[in-house]
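Welcome! Here is a short tour for anyone meeting this structure for the first time. Take a moment to look at it before reading on.

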Amino acid sequence: MFIPLRDENHLKSIPFQYVTVGLIAANVIVFILEVSGLSNAAVASFAVTPRELFGNTVLLAPSSFGEDSLPIGEQATLLTYMFFHADVFHLVGNMLFLWVFGDNVEDAMGHTRFLAFYLACGVFAGLFHAWMLPDSDLPLIGASGAVAGVIAAYLMLHPRVGVWVLAFKVIPLRITAGLALGVWIALQVVMVAMPDVGPVAWWAHIGGLIAGAVLILFMRRPGVPLFDRDVRLAS
């Protein structure tokens, strides 16, 4: 419903969002390699497949998606899956949210803790998806779960900050982050309640949101307030 363009939230503690940019670069590089010749079976080797994740306890056992599959351990896919994407729209959507909101979460944590936070959100999102759909044979890829963690953290840090978005993909609006991200989160909850959730990994989004909301409480810098407390914002 809302496509984020930019926020009005300057960095306070770091000079530049090196980890955010590095993660975007890593995702883009992996996607270029992905479309440059990797087969579907090879990509699926890096994906989280719930049935394989919970049914395979041997590290570095090969995937079962075909002769082009690679010997990636199922436990390792909890990290690798978040750097692969189904198509360019999947990639751009995730990276746009990471670009707009990741810098301020990185600012609130510092570089090292933000990288750990991002990866932890992605791992938990993959696990949560697998827990909710343990018999699924569909491979899970994409940074959506990790990015959902960033969204939850940003919402808890800066709900009152102004954000420019495209509403319905065409109408530019300036609204609060609380409204923009709150609508996005509400959509995830509605979609998991639908009888047919389709190919989108809505449970991974929910898992990432849970992880981000919990981890921001402990991983933000000392003295960084939640919910824009004690912060003056321009109207």
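## A first stop: Asn-104

Does Asn-104 count as buried or exposed? Its relative accessibility is 2%, so Asn-104 counts as buried, the cut-off for that label being under 20%. Please keep in mind that this is a predicted model.

To find Asn-104, look along helix α5, which covers residues 88–109. From there, the side chain of Asn-104 reaches the backbone oxygen of Asn-9 at 3.1 Å. What else does Asn-104 touch, once neighbours within four places in sequence are set aside? Besides Asn-9, the residues in contact with Asn-104 are Asp-7, His-10, Leu-11, Tyr-154 and His-158.

## The chain as a whole

Stepping back, the protein chain contains 9 helices and 3 strands.

The protein chain has 235 residues, and 49% of them are buried. Among its contacts with a separation of 6 or more, 79% are between residues 24 or more positions apart.

## Where α8 meets α9

The next stop is a pair of helices. Two packed helices can be described by the angle between their axes and by the distance between the axes. Here, helix α8 (residues 177–192) packs with helix α9 (residues 202–219) at an angle of about 135 degrees, and their axes are 9 Å apart. Angles over 145 degrees count as roughly antiparallel, and 65 to 115 as roughly perpendicular; α8 and α9 are therefore oblique to each other. The crossing in which α8 passes α9 is left-handed.

Which residues make this contact? From α8 come Trp-184, Ile-185, Gln-188, Val-189, Met-191 and Val-192, while α9 brings Trp-202, Trp-203, His-205, Ile-206 and Leu-209. Sorted by class, the contact of α8 with α9 has 9 nonpolar residues and 2 polar ones, with no charged residues.

## A last stop: Asp-135

To finish, visit a loop. Asp-135 is found between α6 (111–132) and α7 (144–157). Is Asp-135 buried or exposed? With a relative accessibility of 57%, Asp-135 counts as exposed, because the cut-off for that label is over 50%.

How values were computed
Residues numbered from 1 in each chain as written. Predicted model: local features only at pLDDT ≥ 70, side-chain atom pairs only at ≥ 80, totals over all residues. Heavy atoms only, no water. Helix = DSSP H or I, 4+ residues; strand = E, 2+ residues; numbered from the N terminus. Buried < 20%, exposed > 50% of the residue type's maximum accessible area, 1.4 Å probe, protein only. Polar contact = N/O pair within 3.5 Å; in protein donor to acceptor, adjacent residues only side chain to side chain. Contact = heavy atoms within 4.5 Å. Axes fitted to C-alpha atoms, helices over the stretch in contact; angles between N-to-C directions. Parallel < 35°, antiparallel > 145°, perpendicular 65-115°, else oblique. Left-handed = near helix turned anticlockwise from the far one by under 90°. Nonpolar A, V, L, I, M, F, W, Y, C, P; charged D, E, K, R; others polar.
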